[in-house]
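This report describes a structure for a reader who has not seen it before. Please look through the sequence and the model first; the notes follow.

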Amino acid sequence: MRERLASVAKLFIGIWLGGVVVAMFLLVPQYEGLGNAGRIIIMHVPTAWVCVLAFTISAIYSALYLWKNKPEFDNRALAAAENGFLFTILATVTGMIFSQVVWGIFWNWDPRQTSIFVLLLIYAALFALRSAIEDLERRRRLSAVYSLFAFVTVPFLIFIAPRMAESTLHPNCAFIEGSECEGIELAVGKIGLLGDRKVQLLGLSQDGDVVTAEVKVSEPGLTSEAILHPTWSASEGHQIVSPEFPNLRYRLTIMSADMASQSAKLNIMAPGTGILDNRITLYTFLAGIFGFTALFIWMFRVRSKLLDIQEDLQQREGAFA
Amino acid sequence: MTPQAAPNELPLRSLLLAAWAVFMKDLRSELRSRYAINAILLFAVSTAVAVSLGVGFIGLRREGDWINIQSSLLWIALLFAALNGLARSFVQEEETRTGLALRLAAPSHAIYLGKLCFNLALLAILDLVTCLFFMMFIRLQIANPSLFIALLVMGSVALACTTTILAAIIAKASLKSALFAVLSFPLLVPLLVIAIQGTALAIEGATWSEGFSYLQSLIGFAVAMFVASLLLFRFVWES
């Protein structure tokens, strides 16, 4: 009965993911300006979510192994780490492709890029450690300790990382209608993202009370660029002129500017941009998250079972010998 | 000590005494061989000299990104010297096969604390020498010395808290020294980021209130690593 259920579930995941892929290419409307590159987001976000899930599961099973000392738990921790590693690579690569197509750079040391880079390093270190210890029991114990120890540093990476970079290319305001954008703080020369537009602060100049920013705005896909000059009143602390983005209803505005540190907080003034307004896009997105999570769980179960069997065989060989 | 307090106080007291004994033992054997200290100091000196030969007295340039570069170079020198020497105390136990005797002689917490103190002592010497050499060869000028020292000390404590348990792990693996760097680096990334940025502020002359959040993050990191190590060390040492 369980076997039949498992094979039905396997088929279901396959069909589901096939549906997600079809919807991703055929049903989801092309995102204005991004072209077909925008579709990769349907895969990128779920794989990134699975990375977090896998790392957590691996740490939980490592703790269970240290507590209960049962080899199965270590097999599960290893299976979660191996599959998590695959998904981490997928998330990194899809993100890099999108970044190159849309923003023109593969890598920007964005906080999320930093944390996923460190995650890849941790996995690499974990596998290196496992391969460097001969004794099975000892290998399990030490890698469980390392995996838990690494897990403790993750909150620091997530909470400390945002302050390492003034700019981030990950959208920091959702495209859902009614959501409020927080704007981005940019130092002169840095690039960041407002909505789907890449903005670069080229310079700040002050003339009396009026601070003028020179901002280069790039269309998604880098098809065209424009230089905008929003202005801001230093004494009253509010914007004066907020020019419109080329071909859009939205305006670029300065929320605050600091001449001493040569940085300004830019924001988009918009009634709501609405990429996820589109129901089909939203549902495909959620279906993608569900599908990839299910895929991970299935891969995780298969791999841990395989590791169990491998170990069983080794033990039997040992017994016969 | 009152008689009532004795049962509660004794375990901690004996633990600390045992940790002190482990620390003194390591110190004595280090003074005999001078392996870790030589490796660390040679590394620190050669980094400072190499930077000086390559880019000259960059400490005198105080505009733009130069301050960040100075602070990064300082922490690179400290990090790689530390990665060369901090694994020594555990690796030596395995190489000379004294680990078993140590396991019998002292509880695991005492061993962890003793080794941690030893690594802290090594790092204190390393910090002192590296900073002196950076001041001489690169003409590093520190505008807010007290903040600088506080960040350096806290950064070193966090570094020692993170790497001591990793040293115990790699002592039982093959390819020890390479593995130590591989295991340490990913976990040290948050620490390095905070330390480099905070130190740059201190070199530039930021006030205490500006640098305090960096110090707080370093303390938080060190405490988290210390507690995690204390909980997990038993599993490493007794395997």
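Predicted model: local features only at pLDDT ≥ 70, side-chain atom pairs only at ≥ 80, totals over all residues.

## Confidence in chain A

Over residues 172-180 of chain A, pLDDT stays under 50, and for these residues the model has 16 contacts beyond four places in sequence.

For chain A, the mean pLDDT is 80, and 83% of the residues reach 70 or more. In chain A, confidence is highest in helix 2 (residues 41-68), at a mean of 91, and lowest in strand 7 (residues 238-239), at 72.

## Chain A in outline

Chain A contains six helices and nine strands. Of its 321 residues, 36% are buried. When contacts in chain A between residues at least 6 apart in sequence are taken, 61% of them join residues at least 24 apart.

Helix 2 of chain A is made of 28 residues. From its first C-alpha to its last, helix 2 of chain A reaches 40 Å, close to the 40 Å expected at 1.5 Å a residue. Just after this helix comes Asn69(A), which has a positive phi of about 65 degrees.

Helix 3 of chain A covers residues 71-103, and Leu78(A) is part of it. Is Leu78(A) buried or exposed? Leu78(A) counts as buried, because it has 25 C-beta neighbours inside 10 Å; the cut-off for a buried residue is 20 or more. Ser58(A) is 20 residues from Leu78(A) along the chain, and the C-alpha atoms of the two are separated by 6.9 Å.

## Paired strands in chain A

Strand 2 (residues 191-194) of chain A pairs with strand 3 (residues 197-207) of chain A in the antiparallel sense, over four bridges. Within this part of the chain, Ile191(A) has Gln200(A), in strand 3 of chain A, as its bridge partner.

Strand 3 of chain A also pairs with strand 4 (residues 210-218) of chain A, again in the antiparallel sense and over nine bridges. Opposite Ser205(A) stands Thr212(A), a residue of strand 4 of chain A. Strands 3 and 4 of chain A form a hairpin, with two residues between them. In the turn of this hairpin, Gly208(A) has a positive phi of about 65 degrees.

## Chain B in outline

Chain B has nine helices and zero strands. Along the sequence, its pattern reads α-α-α-α-α-α-α-α-α. Along its principal axes, the C-alpha trace of chain B spans about 60 × 40 × 30 Å.

In chain B, 49% of the 239 residues are buried. Of the contacts in chain B with a separation of 6 or more, 85% are between residues 24 or more positions apart.

Helix 3 of chain B runs over residues 66-85, which makes 20 residues. At 1.5 Å a residue this helix should span 28 Å, and its end C-alpha atoms are 29 Å apart, so the two values agree. Helix 3 of chain B is mostly covered, with 14 of its 20 residues buried.

Gly114(B) belongs to helix 6 (residues 108-137) of chain B. Gly114(B) counts as buried because 24 C-beta neighbours lie inside 10 Å, against a cut-off of 20 or more. Which residues does Gly114(B) touch, not counting those up to four places away in sequence? The residues are Ala19(B), Val22(B), Phe23(B) and Asp26(B). Leu15(B) lies 99 residues from Gly114(B) in sequence, and the two are 10.0 Å apart in space, C-alpha to C-alpha.

## Where the chains meet

The contact between the chains takes 23 residues from chain A and 25 residues from chain B. On the side of chain A that touches chain B, helix 4 (111-132) and helix 5 (136-160) of chain A each supply at least two residues. Helix 5 of chain A gives the most to this side, with 13 residues. By class, the side of chain A that touches chain B has 20 nonpolar residues, one polar residue and two charged residues.

Conventions
Residues numbered from 1 in each chain as written. Chains lettered and ligands numbered in written order. Contact = placed C-beta atoms within 7 Å. Nonpolar A, V, L, I, M, F, W, Y, C, P; charged D, E, K, R; others polar. Expected span 1.5 Å × (residues − 1). Buried ≥ 20, exposed ≤ 12 C-beta atoms within 10 Å, placed from the backbone. Pairing = 2+ DSSP bridges. pLDDT = per-residue confidence, 0-100.
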